[in-house]
Amino acid sequence: MGKSPEGFKRLSADIPEHLYKEFAKKCIDKGLKKREYLQEILEKEFGKIK
């Protein structure tokens, strides 16, 4: 696994396959990379905390 850029943390999680499939489908529907869509979800949930 590569090193994360400055100011970033790597996220790794085991999730149920059905949730992953829904997540991947939404990424495709929105035309976003998984990383971009996950960041969008986290910002929506937690706000833009700095």
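I began with E17, which forms a salt bridge with K21; the closest N and O atoms are 3.3 Å apart. I note that this is a predicted model. E17 and K21 sit four residues apart in helix 1, so about one helical turn separates them. I recalled the general rule: an α-helix has 3.6 residues a turn, so residues three or four places apart point the same way. Both E17 and K21 are exposed.

Next I counted salt bridges, and the structure holds three. Another one joins D29 to K25, with the closest N and O atoms 3.7 Å apart. This pair also lies in helix 1, four residues apart. I looked up accessibility. D29 is exposed at 56% relative accessible area. K25 is at 47%, so it counts as partly exposed.

Then I turned to K30, which forms a salt bridge with E40 at 3.3 Å between the closest N and O atoms. K30 is in helix 1 and E40 in helix 2, so the bridge ties together parts 10 residues apart in sequence. K30 is partly exposed at 43%. E40 is partly exposed too, at 27%.

How do the axes of helix 1 and helix 2 cross? I found that they come within 9 Å and cross at roughly 100°. That makes helix 1 roughly perpendicular to helix 2. I listed the contact residues: Y20, F23, K26, C27 and K30 in helix 1 meet K34, Y37, L38, E40 and I41 in helix 2. Six of these contact residues are nonpolar, none polar and four charged.

Last, I checked helix 1 itself. Its 14 residues reach 20 Å from first C-alpha to last, close to the 20 Å expected. Just after helix 1, G31 takes a positive phi of about 70°.

Technical notes. Residues are numbered from 1 along each chain as its sequence is written. This is a predicted model: local features need pLDDT of at least 70, side-chain atom pairs count only at pLDDT 80 or more; totals for chains, interfaces and linings use all residues. Side-chain values use heavy atoms; hydrogens and water are left out. Axes are lines fitted to C-alpha atoms, for helices over the stretch in contact, and angles run from 0 to 180 degrees between N-to-C directions. Helices (H or I, at least four residues) and strands (E, at least two) are DSSP runs, numbered from the N terminus. Angles under 35 degrees count as roughly parallel, over 145 as roughly antiparallel, 65 to 115 as roughly perpendicular and the rest as oblique. Contact means heavy atoms within 4.5 Å. Ala, Val, Leu, Ile, Met, Phe, Trp, Tyr, Cys and Pro count as nonpolar, Asp, Glu, Lys and Arg as charged, and the others, Gly among them, as polar. The expected span of a helix is 1.5 Å times one less than its number of residues. A salt bridge is a side-chain nitrogen of Lys or Arg within 4 Å of a carboxyl oxygen of Asp or Glu. Buried means under 20% relative accessible area, exposed over 50%, partly exposed in between (1.4 Å probe, protein chains only).
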